Amino acid sequence: MFKGILITKDETGYNSQLQEIDSSVLPEGEVTVRVEWSTLNYKDSLAITGKSPVVRCFPMIPGIDFAGTVIESSSPLWKVGDAVVHNGWGVGETHCGGLAQLARVKGEWLVPLAPEFSARQAMAIGTAGYTAMLCVLALEKHGIQPGTGEILVTGANGGVGSIAILLLSGLGYTVVAATGRVDQAEHLKVLGASEIIDRSQLSAPAKPIGKERWAGVIDTVGSHTLANACATTRYRGAVAACGLAGGMDFPSSVAPFILRGITLYGIDSVMAPPRVRQEAWARLASDLDPARLEAITQEIGMAEVCSVATDLLEGKVRGRVVVDVNR
Ligand code: NDP
């Protein structure tokens, strides 16, 4: 038996609860990990609250991320005692996840814990930070450099947004943060944003094309925000789209693409191949000062997970949440 959050769905409804779980619930997999830290991402909150059909089979342990130590392995990639990190791969959706004391996954799904980070710091980064780095890499590969111009980050107080600001400002980019919580402007400036704009400036239906401003954009919001970001991106600029916090639609036109030659990069962290993950984690290790993560991280125990998941979807959480699965 081990402690974890278990999601069930039956005639009595959808239920997420902290409980003792029988190890027979753990799925097939080559590597069993004693989880030390997990985290709460946007998708975890959708799964725990049942607000969106994220969970595809029941019973399910949520948690797309975990960090811990290998305790059993039939994979040639890992041995007992290895420190590992897991992000995505449908874990917490179709395969039991990390909000529990034990997890069992395929060997190729894991990446080594970088020596620069503790397991807790790796979870303060989590899928949100790894996705922020995938976005930064997309802009860099497009040829955008710190001197190219302003970079817009939307959903700035969220997990992806906060780490995107830390990363970009650390690399020397000029970052403009769009947020609904302008009262948090000082905090965003400490992270490295040079200007804060109210997200309402981007949330009305977009014109096909607007005044050119952004050399690049990291968008976590989608919908009208993404359309406005595209319409105001400079000639041959790029937009990295990774989120849907404001909606899944994309009410735009082809104008920014055919008149300004902008590029829209789709960012997926879930099924990204191992070499892409390794590149992102290597760059996180070299570019992100772990000490700076503390300012955007709050720690909770397992008993708080379900209520904080609701807060996160209501936009009440700032930055990242790490979960001590043994508390
Ligand atoms: P968070 O909940 O931590 O942050 C989302 C932020 O978006 C909020 O803090 C808020 O920022 C802003 N926001 C929320 N609702 C709205 C709204 N209605 N309109 C405009 N802005 C809004 O989530 P994460 O940072 O973890 O994830 C952000 C998005 O990225 C999610 O949609 C998530 O599913 C997606 N994602 C995608 C990944 C991928 O692989 N493509 C991986 C990880 C995340 P503020 O208060 O500053 O306005």
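These legends describe close-up views of a predicted model. Local features need pLDDT of at least 70, side-chain atom pairs count only at pLDDT 80 or more, and totals for chains, interfaces and linings use all residues. Residues are numbered from 1 along each chain as its sequence is written, and side-chain values use heavy atoms, without hydrogens and water.

**View 1. Ile267 sits in the loop between β13 (263-266) and α7 (274-287).** Helices (H or I, at least four residues) and strands (E, at least two) are DSSP runs, numbered from the N terminus. Ile267 counts as buried because its relative accessibility is 15%; buried means under 20% relative accessible area with a 1.4 Å probe, protein chains only. Beyond neighbours within four places in sequence, Ile267 contacts residues including Thr131, Leu134 and Ala241. Contact means heavy atoms within 4.5 Å.

View 2. α2 (119-142) gives the most, with four residues.

**View 3. β4 (residues 65-73) pairs with β3 (residues 31-39) and with β5 (residues 83-87).** Two strands pair if DSSP finds at least two bridges between them. β3 and β4 run antiparallel, joined by seven bridges. Here Thr32 stands opposite Glu72. β4 and β5 are also antiparallel, over five bridges. Asp65 has Asn87 in β5 as its bridge partner.

Note on methods: Buried means under 20% relative accessible area, exposed over 50%, partly exposed in between (1.4 Å probe, protein chains only).
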